[in-house]
Amino acid sequence: SGVRGHDLDGAAVMENNVECFVTLLDVLKNYKDTKLVYGSSAGVYGSSSPLPFSPSHHEIQPDTIEGLSKRTAELLAQGYCKEYGLMQVGLRFFTVYGPW
């Protein structure tokens, strides 16, 4: 599921999915009453995760740049929310449009 890895520029993916997300988190930490709802990707599971996928599966190992960047963003959200007392929900989308 998700964006195909061979079509991606790794630096651009990390900038869009991680650096921009950190910028958002840095702003939100000043607004304690804000609830963060963000989109992640089923790509965080990688191809070796057991089926069916489960949010409670603790050995998540993405195997694409896109999946790694989305997992990084999830972990950053968890850290910021714990450190700054924010609330968050991350949604792991599977393919929501396109030919796949």
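Visitor: Leaving aside its neighbours within four places in sequence, which residues is Leu86 in contact with?

Guide: This is a predicted model, in which local features need pLDDT of at least 70 and side-chain atom pairs count only at pLDDT 80 or more, while totals for chains, interfaces and linings use all residues. Residues are numbered from 1 along each chain as its sequence is written, and side-chain values use heavy atoms, with hydrogens and water left out.

Beyond its neighbours within four places in sequence, Leu86 is in contact with Leu28, Lys29, Tyr31, Lys32, Tyr80 and Cys81; contact means heavy atoms within 4.5 Å. Leu86 also belongs to the largest nonpolar core, which has 10 residues, the others being Phe21, Leu25, Leu28, Leu36, Tyr38, Ala73, Ala77, Tyr80 and Cys81. Such a core is a set of buried Ala, Val, Leu, Ile, Met, Phe, Trp, Tyr and Cys residues joined through side-chain atoms within 4.5 Å. H1, E1 and H2 each supply at least two residues of this core, and the largest share, four residues, comes from H2. Helices (H or I, at least four residues) and strands (E, at least two) are DSSP runs, numbered from the N terminus.

Phe21, one of the core residues, sits in helix H1, residues 10-28. Phe21 counts as buried because its relative accessibility is 11%; buried means under 20% relative accessible area, with a 1.4 Å probe and protein chains only. Not counting residues up to four places away in sequence, Phe21 touches Leu36, Tyr38, Ala73 and Ala77. The C-alpha atoms of Phe21 and Glu74 are separated by 9.7 Å, although these residues are 53 residues apart along the chain.

Notes: Buried means under 20% relative accessible area, exposed over 50%, partly exposed in between (1.4 Å probe, protein chains only).
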